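Here are a few notes to go with the structure as you look through it for the first time.

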Amino acid sequence: MWSLIGGALTAVLVPSQPALVVAVSTTIATVNTLRRVRRGRGRVHGPPSSSARPAAQAVSPCARGEPITLTWSELTCKLQAAPQKKAKGRAGASEQAAAQPQFILNRVSGVASPGRLVALLGPSGSGKTTLLNALSGRVPATKGLRLTGNIQINGVPLADAAPPVAYVMQEDLFFAQLTVRETLEMAAALQLPSSVGAAERDELVNGLIQRLGLVKAANTRVGDAKTRGISGGERKRLNLACELISAPNLVAVDEGTTGIDSFQALKVVEALRDLAADGHTVLASIHQPQSSIYALFDDLLLLAEGRVVYMGPTSGAHEYFEGLGHGCPPAYNPAEHWIDLVSIDYASADTEAISRQRVRKLHAAWDAHVAAGKGPASAVAAAVSSAASPVTAGEESTPSVAATTTAVAIRPSGASTLTKFRLLFSRAWKQMARDKKTLFARTMSSGMSALLFGSIYWKLGLTQADVGNRLGLLQVACINAAMSALVKTLNAFTRERAVVDRERARGSYGVTPYFASKMVAELPISSAFPLLFSAIVYPMAGLAAGWRKVATFASVITLESFTAAAIGLTMGALAPSTEAALAAGPASFVLFIVFGGQFVTRVPRALQWLPRISLIRHAFEALCVSELGGLKLEKKVPWDVATGEQALARMRFGSRTVPELLGLQARILAFNYIATFALLRLRKPKFASVLPPATVSELQDAPVDGEAGVVPA
């Protein structure tokens, strides 16, 4: 695939050198082959895609297959910072100071059983999100990050069991113009195997809507900041429903109640409690739950500074902490009390020292409690010990997920590429066609710009001054078309990419059907605005008559609009956020405008490559050749130009025809489409794999309570 992409990019940039195209393709293919051989087992793995997940016996929102007991032991997440440079010594050479590793998680152990709802509590920065990421196989692969420990599903390592995991992240990301039902139907069609019929998918969607309390909002659009939609609590439940489409046994929810009112938060947790009652294994991190929510949890995992303070039934937490002299006062929310107990108070140096000393004692007390095998900690230690020890020959063990699915007929991997293209095209079309406010804003922008330019350059004549006016109109028309398409694409694509990245991480589809469907869906709507601009400004300005010249003007403006949008896609694929894309995109276009043919005619030798890649330059030159070609001008003094060809010669235009200039624009368009496709494939979400438990020497490097080294999750 990469050899084809490299060859295509070379062919676009250097079409006259076929031998170079073959050489580049062959070189890339050889390098990729060598890299695959050398990587071996060092590949970074992510969560299993839908095509690799074990098949289930039934499609149901309830738990399916073998119930899951999730155990984890000695789970450590360490981030090695880059070494810092010290001041130069006497020898004059700067020294490298070894940076202290930062422990996000530090020897965390625990268990989550089927039918029980586990709450992850702790102050901000205690490691709750990182722990959920690790248990779900979603820790982002970051340079310097090392994840070690044992994570097992029914005694089988997580990487070998490969269970489907419903991981509900904090951000509720959806396509705003789709309804709740359409969102779930799309998720079902993309995630479920092709052998699941339409009637069965509808039954599943209706069941999830009923179960999660989305009946009244089923036909309401999801909405966003500019479109009124469903409430915050309904968005949380919809996020959960999308993850439950594949009927996983393991459900992980990160801050599922953040940003919504107490009533909606209670409804979300009640939905999680119902899932646990159906046999799911459910873990949920939660921030300061009210007492009625806390009462719904079966087990509690309390974290502080990346370490465990308590793990066991919520009913036993009061007795445990009361034995340490930190019992919860009467008529007080236990969750708030536990979080206050393990929080670091940074109000002053004295309060920080006192709170760190308290947390250090709580860590030591829990370690001693587990070592002694007392209370609820004994069940946790037994489960962790059982999960960590290998099963020898002749021993009986709990059947693993992988073992239970071998006897089940494996269903097809899912929808075909053509089906995914059709589904994604339908979604992209609905997203654009239903966004009335954006369509109205773009229509008004194109119409008002055309009316403004038409009024300024009203009915241009054939005088020498009007030659400059024609050139000015053509230049601002090119700049307007390019900037409008660029800003729209940067704003929309970067926000859409976050949703697409999440769905790709889920294994719903690949880059090819998504990118192809997006390009096809945007073609008619994106063509309408430059055509509207051309239809208004051309007759108002009184440009050259003739249907060929009118068609050329509209074609050049439309192609330039698509080329600018393609550049916006490339920048959007590179930019880390919408804000960064909107800052870098228009700024980079300043160079295209400066070297657009109107302001600079003599380009320094070192910068002669800039006009070649300027889409505004090619569009402006094409419009000038079409408009001035064959034009007879009024000549009053000898140095006046008499024809449009003479005016083109003064601008050093006219050596290339309109088709040639359109071809140059098309080359830039193709280059950016291929580059965007390659960047999307290259930037596929990657996740860190869990390595064997840390060695004794590595554990000695772990920070003692109260020392620096723990960073927020």
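Which residue in strand 4 is the bridge partner of Leu 79?

1. In strand 4, Leu 79 has Gln 102 as its bridge partner. Strand 4 pairs with strand 1 (residues 70-79), the two run antiparallel, and seven bridges join them. Strands count as paired if DSSP finds at least two bridges between them.

2. Before going on, a word on what you're looking at: this is a predicted model, where local features need pLDDT of at least 70, side-chain atom pairs count only at pLDDT 80 or more, and totals for chains, interfaces and linings use all residues. Residues are numbered from 1 along each chain as its sequence is written, and side-chain values use heavy atoms, with hydrogens and water left out.

3. Overall, the chain has 25 helices and twelve strands (DSSP runs numbered from the N terminus: helices are H or I with at least four residues, strands are E with at least two). Of its 713 residues, 50% are buried, meaning under 20% relative accessible area with a 1.4 Å probe, protein chains only.

4. Back to the sheet: it is open, with four antiparallel strands in the order 4-1-6-7. Strand 4 (102-112) and strand 7 (156-157) are the edges, each pairing on one side only. Helix 3 (residues 128-135) packs on this sheet and touches strand 1, strand 4 and strand 6 (145-153), its direction making about 120 degrees with that of strand 1. Touching here is contact, that is, heavy atoms within 4.5 Å.

5. How enclosed is strand 4? Eight of its eleven residues are buried, so strand 4 is largely enclosed by the rest of the structure.

6. Take a look at helix 19 (residues 547-574) and helix 22 (residues 615-628) too: their axes come within 10 Å and cross at roughly 180 degrees. Axes are lines fitted to C-alpha atoms, for helices over the stretch in contact, and angles run from 0 to 180 degrees between N-to-C directions. Helix 19 and helix 22 are therefore roughly antiparallel (over 145 degrees). Among the contact residues are Phe 553 and Ile 557 of helix 19 and Leu 615 and Leu 623 of helix 22.

Technical notes: Parallel < 35°, antiparallel > 145°, perpendicular 65-115°, else oblique.
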